[in-house]
Amino acid sequence: MVRSYQKKLIRIDDHLGLALAGLAPDARILSNYLRSQSMTSKLVYDRPLPVSRAVYSIADKAQANTQQYGRRPYGVGLLIVGYDETGPHLYEFQPSGSVLEYYGTAIGARSQAARTYLERSYESFPDATLEQLVVHGLTALRDTLAQDKELTSKNTSVAVVGKDTEFKVIEDDQIIPWLEKLDSTGRSQSQQQQQQQQQQQDQSTSEQPAEGGESMDTSQE
């Protein structure tokens, strides 16, 4: 099968993985560093690397690049997800070295529509099943697409991890049953509103007078 997209989900350990948006070579550098930290934790402490420690270790590494002459920030944003003894975690890593923890978020091009959907739905996440969470994620992802585009097995991958569930990437034919669950649902209200706003902006732009047209001066002398 010929892929129409670049793989952007990377497994770090059984309990930890990440998604990337940006320069893939920089993501490989950071993911290899995380793997090294994870192996060290198992050898030295005989336990999986805590998710928060993993995140802050690459945050320190990235932030150091912004303070040294001749070095550049990593040109990649990451979503780091994992499950440890304190529960599930989702962090956003930014090239500056900043990290933020979320219930749900999105990064990359056209990600605002996905964040809007997740902000409206996140309160239901703690009680949701795995199937419901995956559908939420796919719905948010679909909201980032143009009106004439759809999610397919050639451009979509999903990763899951949790208690007693090792990090696993679902793609190719395995993703088809999940995509079929979206067939009966329309695009979310957030995307419909954004499209309506865009249409209104286009209409207002077309109604503006041409250059050199008449205008009214309401200022008083």
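A word on terms to begin: contact here means heavy atoms within 4.5 Å. With that in hand, here are my notes.

1. **What we are looking at.** This is a predicted model, so to speak of local features a pLDDT of at least 70 is needed, side-chain atom pairs count only at pLDDT 80 or more, and totals for chains, interfaces and linings use all residues. Residues are numbered from 1 along each chain as its sequence is written, and side-chain values use heavy atoms, with hydrogens and water left out.

2. **Overall make-up.** The protein has six helices and seven strands; helices (H or I, at least four residues) and strands (E, at least two) are DSSP runs, numbered from the N terminus. Read from the N terminus, the elements follow the order β-β-α-α-β-β-β-α-α-β-β-α-α. Of the 221 residues, 37% count as buried (buried is under 20% relative accessible area, exposed over 50%, partly exposed in between, with a 1.4 Å probe and protein chains only). The accessible surface comes to about 14100 Å², and 48% of it belongs to carbon and sulfur atoms; the areas come from the Shrake-Rupley method with a 1.4 Å probe, and for residues only the protein chains shown count as cover. Among contacts between residues at least 6 apart in sequence, 58% join residues at least 24 apart.

3. **The open sheet.** Five strands make up an open sheet, ordered β1-β2-β3-β4-β5 with antiparallel pairing; two strands pair if DSSP finds at least two bridges between them. At the edges sit β1 (9-13) and β5 (99-101), each pairing on one side only. From one strand to the next the twist averages 25° (axes are lines fitted to C-alpha atoms, for helices over the stretch in contact, and angles run from 0 to 180 degrees between N-to-C directions). Within this sheet, seven bridges link β2 (residues 16-22) with β3 (residues 76-84) in the antiparallel sense, and Ala21 stands opposite Gly77 in β3.

4. **Helices on the sheet.** Helix α1 (residues 24-45) lies across β1, β2, β3 and β4 (87-93), at about 20° to β1. Helix α2 (residues 51-65) also packs on the sheet, where it touches β2, β3, β4 and β5, and its direction makes about 15° with that of β4.

5. **A closer look at Tyr33.** This residue is found in helix α1. Is Tyr33 partly exposed or buried? Tyr33 is partly exposed, because its relative accessible area is 25%. Neighbours within four places in sequence aside, Tyr33 is in contact with Ser57, Ile58 and Lys61. Ala54 is 21 residues from Tyr33 in sequence, and their C-alpha atoms are 9.5 Å apart.

6. **The α3 and α4 pair.** The axes of α3 (residues 111-121) and α4 (residues 130-142) come within 7 Å and cross at roughly 145°. Here Ala114, Tyr117, Leu118 and Ser121 of α3 meet His136, Thr139 and Ala140 of α4.

7. Strand β6 (residues 158-162) has a covered face with Val158, Val160 and Gly162, and an uncovered one with Ala159 and Val161. In a regular strand the side chains alternate between the two faces of the sheet. β6 runs antiparallel to β7 (residues 165-170), joined by four bridges, and Gly162 has Thr165 as its bridge partner. Two residues lie between the strands of this hairpin, and Asp164 takes a positive phi near 60°.
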